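Hi,

Here is the structure I promised to pass on. Have a look at it first, and my notes follow below.

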Amino acid sequence: MNGDLETVFDVTLTVNGVEHSESVEARRHLADFLREDLGLTGTHIGCEHGVCGACTVRMEGEIVRACLTLTVQCDGKRIETIEGLSDSGEIADLQEAFRTRNALQCGYCTPGMLIAASALMAVEPMPSREEIRDHISGNYCRCTGYQAIVDAVETTLRARAEAAR
Amino acid sequence: MTRDVPSPLTALDRPNSYIGRSVPRPNLARLTEGRGEYVSDLVLPRMVHVVYVRSPHAHAEIRAIDVSAAKKAKGVVAVVTGAEMAEVCTPWVGVLTHMVGLKSAPQHPMAVTRACWQGEAVVAVIARTRALAEDAAELVEIDYAPLPPVTDMSTALDPETPVIHESLGDNLAFERNYTGGDPAAAFAASDHVIETDFSFGRHTGVTLEPRAMVADFNPGTGRLTAYLGTQAPHMIQNILSIHLGMPESDIRVVCKDVGGSFGIKVHVYADEMATATLSKMLKRPVKFVADRLESFLTDIHARDHRVKGKIGVMKDGTITAFEIDDLTGIGPYSVYPRTSAVEANQVVNLTGGPYICMNYKARARVVFQNKNVTCQYRAVGHPIATAVTEGLVDLAAQRIGMDPVEIRRKNLIKDDAYPCNSATGLKFESLSHHAALNKLLGMMDYEKLRAEQAELRKKGIHRGIGFASFIEITNPGAAFYGVGGARISSQDGAVVRLDATGAVTCQTSATEQGQGTEAVIAQVVATSVGVSLDRVRIISGDTDQTPYGGGTWASRAAGIGGEAAWQAGKALRENIVAVAAAILQADPKSLDVREGAVVDADTGRERIALPELGRIVYFRPDTLPTGFQAELMAVRHYVPRGYPFAFTNGIQASYLEVEDGFVKLLGHWVVEDCGTILNPQLVDEQVRGGVVQGLGGALFEHCVYDADGQMQNANMADYLVPMACEMPDIQVGHVVSPTADSELGAKGAGEAGTAGAPGAVMNAINDALSPFGVTLTHMPFTPDRILTAMREAERRQKRQAAE
């Protein structure tokens with residue numbers, strides 16, 4: 001049963017700068033691949049049907065839902081997860097703002113939320129609070145009520161703008 | 001951004017106090033870097049994965065089970081039925097003796113002969129990987145004979161409705177009747193009596209990390225370690241011990257990071273008991289992680305109440321009496337061990353609670369049905385009692401043409417009336433309804449909003465303002481569970497230790513669920529011992545490592561666990577001073593500990609730093625005076641004894657616009673009195689998060705069942721939760737009335753937001769729609785319901801005009 005889904009493919013992909021050549025079943029989604037095959041448990045699974053955003057990662061610089069992305073689709077692609085973005089320091093200021101503003105409680109949505117917010121911040125230097133709220137609406141947070149997250153994103157962008165002046 | 005608020009501290013006002021400061025939580029760095037340790041991340045040697053085959057029927061007899069094909073499938077380790085499991089794990093009954101008359105039926109980890117709700121586990125399939133277990137689960141053949149399901153709570157007690165558990169005689173789990181004062185005479189003497197029906201949609205917590213457990217029975221040690229995202233580790237230890245027939249000392253419950261709990265993770269779940277049983281049976285670690293579809297069908301649901309409400313009022317605005325008749329459906333079993341009668345009981349206890357009025361009549365009936373079980377979820381009963389009370393108060397004000405603020409001013413218990421009792425005998429130590437109301441009106445600029453509302457109404461824009469005053473139960477003593485026979489601790493403990501480098505470790509029985517317990521305990525310990533915050537490390541969530549205690553529920557961690565830590569820290573400071581006095585040949589009374597050093601209490605001059613003191617105690621005790629034994633570890637426990645509960649109070653206001661049936665939230669204000677504020681930012685964020693969960697229940701969240709007991713929207717796409725773009729900024733203010741029961745004076749703050757938000761939003765919607773003669777009282781207030789109500793009102797008005 002599930003013959004097609006269990007067919008194994010060879011894929012080569014780069015995760016956080018490290019190239020991996022692996023054999024994976026067709027059905028293995030990227031979130032499971034990252035968590036179970038590579039041990040990168042910072043990518044969280046909340047719904048496995050693309051709604052909650054907890055599994056948000058970057059593929060070729062664009063944010064994707066790792067639970068809706070099959071690993072075989074990532075052949076030749078560049079993936080970045082919260083582990084890589086933390087090590088590179090790229091979002092260190094946003095992470096610090098999350099800590100200072102208590103923009104996370106249980107922390108389960110946080111890696112996805114940080115990556116989703118960073119995508120907006122890369123293209124919009126000073127979005128309104130409404131725009132920030134719109135952009136992160138594909139990422140559910142059940143703890144904070146979102147306001148602290150919006151504050152943290154806003155504070156980080158303001159600091160970046162000031163630093164750029 | 002959150003500002004520190006002045007606090008009225010006295011004994012707490014130590015030099016360099018961290019009490020009342022918004023210090024960040026120590027555990028956030030790793031969580032922002034994806035370095036959390038959630039149970040779903042955990043991998044152990046020899047670990048296997050369990051998947052449960054669940055009943056697709058709300059009610060069905062299990063005629064036969066064929067597991068032969070599944071057993072042969074790739075990677076399968078075992079396939080276990082409910083009957084096989086029942087030989088290892090005994091059944092339980094979710095009752096408490098102080099809930100007089102509460103009954104329930106024995107529940108097994110998995111259904112044995114009959115499934116009683118859609119989603120009940122029937123067969124366990126255990127395999128090397130989760131995917132292989134799911135593949136094999138599809139090969140399990142179960143022959144069901146569907147039975148008539150009981151789904152409508154309003155007919156559950158009718159004689160023609162089938163009885164779910166024959167041995168119980170009927171579908172009534174619990175009934176409570178209460179009369180205070182003379183409500184019949186008060187209603188008869190009222191100028192107006194207003195009645196209406198309220199309903200509250202069944203909803204659930206939707207923790208972003210689903211429930212997860214790794215159970216690891218090691219036959220070599222005879223011990224079972226349960227890694228579980230739970231709010232109450234010692235409670236789980238006790239329950240596993242009872243039903244697996246193992247000594248409590250052979251069971252360890254470990255709780256590291258928890259991906260959201262909100263009350264969802266404080267209960268005993270059948271599939272978690274099954275997972276522990278499987279580990280014992282298979283003698284290896286077994287991992288269970290619910291997927292989102294399973295979460296919706298098996299995480300406890302809550303609310304699902306229908307309440308007939310009645311209020312009496314005089315022309316001058318005096319409220320004369322309240323009456324409620326509450327009916328709630330709880331699923332087929334009362335949940336173990338906290339029971340499913342508590343929410344209805346709270347509705348009876350709390351309705352009318354903020355008001356002077358002492359005439360009160362209440363009935364609550366709790367009925368069984370073939371749907372998922374309901375139990376305690378954040379703010380248990382409070383959102384219902386508050387919305388009913390505040391909805392009735394607004395209807396009364398509307399009837400007599402009084403401003404909603406004025407009727408509250410007239411009837412809220414006066415701030416100088418304490419201590420006093422409620423109509424149901426609840427004991428209030430010190431509340432601040434009027435101070436809170438006044439502060440709220442200032443924060444929101446009430447007059448300006450009313451003027452804006454009137455102006456916009458002329459343009460056909462319909463905005464509304466709604467209020468909800470409320471009381472909230474926090475810091476419960478033994479009255480909740482202990483007196484009913486449940487082995488759920490109401491006391492908490494703390495162990496505080498100074499090590500040889502001057503660092504301090506605190507083991508606490510309070511648990512961290514993301515609300516910031518560890519930060520608050522660290523602040524308290526740093527302050528009471530006299531060290532800087534970065535020298536304090538907290539250990540929690542491990543029954544092998546922490547004192548025995550209750551954990552985190554009912555807004556108790558800071559108030560009870562915090563006080564235990566405060567007292568333990570003080571005791572350690574005394575012990576440190578005793579050592580220093582012996583070394584320095586000084587009077588202990590002349591010494592204090594500040595910023596990591598023993599100092600002269602009068603001048604603050606440093607006498608000996610803690611690392612040096614630690615060095616002497618641990619490595620050169622021979623230099624201490626003969627007969628002196630240093631004790632650099634102190635233990636204290638605490639439970640409130642003065643009052644059964646530390647009541648808090650608050651008020652919320654909502655400002656919103658209704659357009660095309662959609663509710664746009666424009667502003668939300670909260671004034672909360674949770675006593676001493678240990679960490680203002682954490683309190684405010686608990687309030688905000690709580691408000692948004694309350695708004696979810698009021699506007700979106702609803703477990704929709706059909707008449708056959710099939711949940712229609714058991715996935716995250718169809719079950720709506722609040723999104724960032726739908727939520728307003730929430731302004732939070734405080735009044736501070738500390739409880740004198742503890743030195744810290746802290747009351748709970750975790751649930752107040754959820755308690756008040758639905759009532760405030762309901763009143764604001766009805767204020768917005770008042771020109772249409774529409775009153776909505778059935779949550780959630782979806783666009784469909786709002787438009788239907790407006791259309792009905794329009795037809796009614798046309799009919800009246802024609803007549």
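Before the sheet, a word on terms: two strands pair if DSSP finds at least two bridges between them. Helices (H or I, at least four residues) and strands (E, at least two) are DSSP runs, numbered from the N terminus. This is a predicted model, where local features need pLDDT of at least 70 and side-chain atom pairs count only at pLDDT 80 or more, while totals for chains, interfaces and linings use all residues. Residues are numbered from 1 along each chain as its sequence is written, and chains are lettered from A and ligands numbered from 1 in the order in which they are written.

Chain B first. It has an open sheet of five strands with mixed pairing, in the order β7-β17-β16-β15-β8. β7 (172-180) and β8 (192-200) of chain B are the edge strands, each with a single partner, so one side of each has no neighbour in the sheet. On average, neighbouring strands are turned by 10° against each other, direction ignored (axes are lines fitted to C-alpha atoms, for helices over the stretch in contact, and angles run from 0 to 180 degrees between N-to-C directions). Within the sheet, β15 (residues 305-313) and β16 (residues 319-329) of chain B run antiparallel and are joined by nine bridges. Lys310(B) sits opposite Glu323(B) in β16(B). Helix α9 (residues 342-350) of chain B packs on the sheet and touches β7, β15, β16 and β17 (360-367) of chain B; contact means C-beta atoms, placed from the backbone, within 7 Å. The direction of α9 makes about 170° with that of β17(B).

Now chain A, which is divided into domain 1 (8-81) and domain 2 (89-164); the bounds come from an automatic or database domain assignment. Taken over C-alpha atoms, the centres of the two domains are 23 Å apart. Their contact takes 11 residues from domain 1 and 10 residues from domain 2. On the domain 1 side, strand β3 (residues 56-59) of chain A gives the largest share, three residues.

Also in chain A, helices α4 (residues 92-101) and α5 (residues 110-123) pack at an angle of about 130°, with axes 11 Å apart. That makes α4(A) oblique to α5(A), because angles under 35 degrees count as roughly parallel, over 145 as roughly antiparallel, 65 to 115 as roughly perpendicular and the rest as oblique. Leu94(A), Gln95(A) and Phe98(A) in α4(A) meet Thr110(A), Leu114(A), Ala117(A) and Ser118(A) in α5(A).

Cheers

Conventions. Contact = placed C-beta atoms within 7 Å.
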